[in-house]
Number of protein chains: 2
Amino acid sequence: MNLQGTSLLAGQFVPAHGAPFHAQSPLDGSELAPAFFAASDEQIQQAARLASEAAPAFARTSFAERAALLEKIAEELLALDDVLIACVHAETGLPKDRLTGERGRTMGQLRLFASLLREGSWCDARIDTALPDRQPIPRPDLRRTLTSLGPVAVFGASNFPLAFSVAGGDTASALAAGCPVVVKAHPAHPGTSELAALAVARALTHCGLPAGIFSLIHGNTPAQGLALVRNPFIKAVGFTGSEKAGRALFDAAANRPEPIPVFAEMGSLNPVFLLPQALSSRTEPIAEGLRNSVTLGVGQFCTKPGVVFGVSGTEWDAFKRAFSAQMQKAVPGTMLHGGICDSYRKSVESLARSGKLDLLAESAVAAEPGKTQGQPAAFATRAATYLATPELQAEVFGPYTLLVEARDAAELLTLARSLHGQLTATLHATPADLAEAAPLLSLLQEKAGRLVLNGFPTGVEVCPAMQQGGPYPASTDSRFTSVGTAAIQRWARPVCFQGFPQEFLPDTLQNTNPLGILRTVNGTLTRDAV
Amino acid sequence: MNLQGTSLLAGQFVPAHGAPFHAQSPLDGSELAPAFFAASDEQIQQAARLASEAAPAFARTSFAERAALLEKIAEELLALDDVLIACVHAETGLPKDRLTGERGRTMGQLRLFASLLREGSWCDARIDTALPDRQPIPRPDLRRTLTSLGPVAVFGASNFPLAFSVAGGDTASALAAGCPVVVKAHPAHPGTSELAALAVARALTHCGLPAGIFSLIHGNTPAQGLALVRNPFIKAVGFTGSEKAGRALFDAAANRPEPIPVFAEMGSLNPVFLLPQALSSRTEPIAEGLRNSVTLGVGQFCTKPGVVFGVSGTEWDAFKRAFSAQMQKAVPGTMLHGGICDSYRKSVESLARSGKLDLLAESAVAAEPGKTQGQPAAFATRAATYLATPELQAEVFGPYTLLVEARDAAELLTLARSLHGQLTATLHATPADLAEAAPLLSLLQEKAGRLVLNGFPTGVEVCPAMQQGGPYPASTDSRFTSVGTAAIQRWARPVCFQGFPQEFLPDTLQNTNPLGILRTVNGTLTRDAV
């Protein structure tokens with residue numbers, strides 16, 4: 001591995017600048033080579049300017065050209081082979097099997113957007129033909145399609161160093177929409193970021209596209225990301241991470257002279273509601289499934305269930321015993337980096353000392369601090385305490401969950417009503433439970449982007465029907481998703497052509513429908529030519 | 001006409017409160033009866049709370065029920081007959097013919113959204129069926145449809161007292177999406193607002209829907225609107241008006257603990273580019289068409305062309321003479337209210353005194369101050385002055401435009417590049433002009449939501465292909481439109497159901513496809529059952 005350690009602007013590494021920083025391996029706390037250097041203000045400005053200069057040409061590329069680019073990026077990622085996997089493993093401590101799977105997911109995302117582009121109907125083309133004889137005034141010919149927003153700033157997430165980082169879902173969907181991308185690398189995996197950035201740069205070269213379409217900037221303080229978001233060439237922002245960091249970027253974007261849209265996928269408790277008959281008939285499977293979901297990836301998924309609600313009674317007591325036994329059997333795991341691990345340990349200690357919660361169970365095996373391990377832990381409390389303690393709605397990132405006991409179905413509804421916006425809400429319920437829980441189901445639909453029945457929220461499928469995003473603070477704009485094909489809609493805006501001859505129209509709007517896409521022609525959805 | 005003068009909350013007039021205000025007739029400056037009373041903070045809070053309480057039931061109504069509501073509102077507006085037209089005429093000075101047309105447009109919008117609902121495919125339903133045998137892990141059944149955002153605050157616009165006010169496009173699209181609406185009435189037409197609000201309230205009663213779905217609040221200072229936007233029950237905002245007011249609402253919404261989306265359709269210059277061959281072959285029609293567009297509705301349309309660019313030469317000189325003659329023939333007209341008229345007069349006087357512009361022409365007939373009239377005026381300047389004077393990019397609301405002369409095609413491109421975001425950009429060009437102007441066309445596509453060729457931007461068609469909205473400051477989110485069927489997308493968010501049995505799914509997602517809508521099933525667009 002021969003890493004350069006500086007930002008990659010339009011395919012060129014910039015000179016080193018300022019104080020160096022190093023990634024640390026969470027596996028043993030060792031400092032990893034080489035040194036990395038945060039981008040200077042001037043380099044950030046240059047990355048954004050290069051993106052802006054490349055934007056018009058990229059916006060005019062055909063869907064087929066962009067599809068070929070995405071497919072080539074996938075190929076280049078795979079070509080990095082074990083070098084990539086070894087680097088991510090060293091930087092994040094994530095198991096190699098998981099990383100091989102995540103690389104597959106990353107390539108799958110790139111190819112999914114490629115196939116969306118090749119199909120072409122995503123651009124929502126609409127044609128209303130002229131009505132020259134209409135009274136009292138004629139109707140002109142009007143044709144509307146989606147075009148790219150312009151340069152997008154993408155923030156790499158620490159918990160998906162491949163699938164939601166440099167060449168991940170935000171980048172793939174922005175490139176698919178024809179938007180140049182400037183990625184702010186996550187400082188916990190800078191080497192992984194450099195390798196993935198090179199894969200993107202190579203693919204651009206291979207496809208004969210302007211190098212300015214993609215740049216990577218490094219940074220180990222909030223300053224670099226904020227400078228990027230405030231840069232006037234940047235037209236939209238994609239982010240996955242904490243509520244605090246996401247809100248800071250949202251505020252910076254909203255306070256610009258020209259505000260820009262930010263899609264920040266942030267914190268979520270992913271509440272789980274366990275209804276009595278389901279609990280009674282499936283005590284053990286629910287307890288085991290919940291344990292797996294809470295501890296999957298050492299609890300470092302956006303969709304980890306962080307709170308579990310049930311109604312007091314023998315079913316709930318039995319479930320608590322079963323879940324307690326499950327959590328004791330769980331094992332500590334290496335977390336993504338020291339900062340996350342410290343934060344997790346402090347949160348759990350503070351909750352233990354708060355006097356608000358009872359410790360239900362910890363894993364029998366203790367965490368090894370030298371290995372940056374997080375120890376699975378479950379707490380329990382009563383609804384009244386939960387409702388009176390808003391701090392308990394803060395996300396605890398790690399293998400933690402909280403069981404909250406309601407007196408009755410009415411109090412369960414009160415608990416649901418108290419929740420902030422969520423990425424997901426899960427119900428375990430028999431048909432009979434569900435029939436009685438209509439108000440709860442209706443309420444959860446107001447609160448969450450995805451409702452899960454008799455399953456667990458972790459495991460976010462990448463497909464057209466997925467919704468990853470929900471009412472604030474789950475995300476900053478619940479009308480969009482960061483996962484699945486609809487994620488492209490974040491980076492596109494409509495443009496309408498009035499009275500244009502065929503040869504000056506985009507191919508999506510020409511009479512012959514050369515792409516064969518589905519279009520709304522005079523109010524009717526059709527693939528026919530006009 | 002028997003007007004109450006207080007806010008209408010869920011079908012009930014509230015008691016009068018605080019200091020009264022009156023609408024003034026711009027026709028003769030007279031104070032109109034009755035007195036109106038701004039909503040108190042408590043009344044605003046109550047309107048938002050009532051909307052929030054009605055939201056879940058309204059979100060669950062079928063598309064057919066909502067379509068019936070919209071159609072009934074149109075019917076109730078028509079039933080107000082001459083009482084409504086007379087009231088709007090007195091409050092706005094707009095000619096009765098225009099108002100009859102605008103009422104038709106308003107009813108047309110309501111019916112357009114009704115037909116969109118009856119067709120049903122707008123909800124972008126997506127179904128990915130379970131793959132229980134997939135390796136390494138099964139895929140669950142995932143189904144995604146659009147649901148309502150919750151209560152929407154709508155701000156009535158002064159320049160479309162019917163079509164973009166109480167029962168206008170924002171309200172129609174929000175109700176279509178299943179969102180309760182609280183309208184902040186424009187203080188220049190409070191009586192019109194009360195009548196239209198009663199039409200909506202009557203339609204709700206007729207349809208047996210909760211009255212809390214609609215409320216109207218009055219207010220004659222920014223305080224009432226800001227209180228509404230800051231209210232935690234409000235989940236989105238629709239606004240049409242000035243950049244200053246729109247930005248204030250956007251900032252208030254972005255600074256909430258829970259930020260909410262704001263679609264503000266604000267200022268636009270609607271630049272017109274006149275290319276040489278088009279000018280040479282159609283000098284007179286372009287001059288006359290431009291005059292008509294600049295003075296239509298006394299220049300009080302969002303899409304009025306406020307700046308006209310051309311290249312120096314004999315064609316441009318001939319056009320200037322022809323346009324000057326046209327503007328002299330124009331006649332002053334009554335503006336919407338004294339505030340707009342004063343602001344227009346002061347802007348024109350200030351521009352005349354600025355030393356940056358030459359007065360090209362004024363209407364030969366002078367404005368009558370007692371009739372709140374605005375006098376058509378055209379100014380001219382050179383590109384260098386325009387580029388050096390950013391204030392000239394401020395919108396002048398009224399029958400004003402500015403001709404800007406570039407040295408050559410390169411300077412024309414520089415002018416285009418200097419522009420902020422626009423609702424529209426217009427080109428007059430022959431095919432030969434266009435072939436040479438590819439960079440200009442590409443640049444304008446980055447700047448504007450709608451491109452008009454050989455036409456004029458005023459006259460915003462209400463149809464699926466319309467785009468009213470553009471890069472900031474044309475609107476606060478260029479990804480959406482305020483006119484046309486796509487306007488519904490502002491008020492809807494996706495929700496995904498994972499693993500739900502048929503009977504607990506919304507009808508849009510059931511296997512049998514009871515609504516017969518177009519859906520994306522396992523990646524393929526189809527109306528077939530699953």
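**Chain fold and two-fold assembly of the predicted model**

In the predicted model, chain A comprises 16 helices and 23 strands. Its radius of gyration is 25 Å, close to the 24 Å given by the globule rule for 530 residues, so chain A is as compact as a globular protein of that length. The C-alpha trace of chain A extends over about 75 × 65 × 40 Å along its principal axes. Of the 530 residues in chain A, 61% are buried.

Helix α10 of chain A, residues 283-295, illustrates the packing of one element. This helix has 13 residues and reaches 18 Å from its first C-alpha to its last, close to the 18 Å expected at 1.5 Å a residue. An α-helix has 3.6 residues a turn, so residues three or four places apart point the same way. Within α10(A), the buried positions are I286(A), A287(A), L290(A), R291(A), S293(A), V294(A) and T295(A). The elements covering these buried residues include the helices α9 (276-281) and α11 (314-329) of chain A, together with the strands β12 (272-274), β13 (307-311), β18 (400-406) and β19 (422-428) of chain A. After α10(A) comes G297(A), which has a positive phi, near 60°.

The contact between the chains draws 60 residues from chain B and 60 residues from chain A. On the side of chain B that touches chain A, two or more residues each come from the helices α1 (41-60), α8 (243-254), α15 (431-436) and α16 (438-447) and from the strands β5 (126-128), β6 (142-148), β20 (448-453) and β21 (492-498) of chain B. The most is given by β21(B), with seven residues. By residue class, this side of chain B consists of 31 nonpolar, 16 polar and 13 charged residues. Strand pairing also crosses between the chains: β21 of chain A, residues 492-498, runs parallel to β20(B) and is joined to it by three bridges. Within this pairing, F497(A) has L451(B) of β20(B) as its bridge partner.

Notes
Residues numbered from 1 in each chain as written. Chains lettered and ligands numbered in written order. Predicted model: local features only at pLDDT ≥ 70, side-chain atom pairs only at ≥ 80, totals over all residues. Contact = placed C-beta atoms within 7 Å. Helix = DSSP H or I, 4+ residues; strand = E, 2+ residues; numbered from the N terminus. Nonpolar A, V, L, I, M, F, W, Y, C, P; charged D, E, K, R; others polar. Pairing = 2+ DSSP bridges. Expected span 1.5 Å × (residues − 1). Buried ≥ 20, exposed ≤ 12 C-beta atoms within 10 Å, placed from the backbone. Rg over C-alpha atoms; globule rule 2.2 N^0.38 Å.
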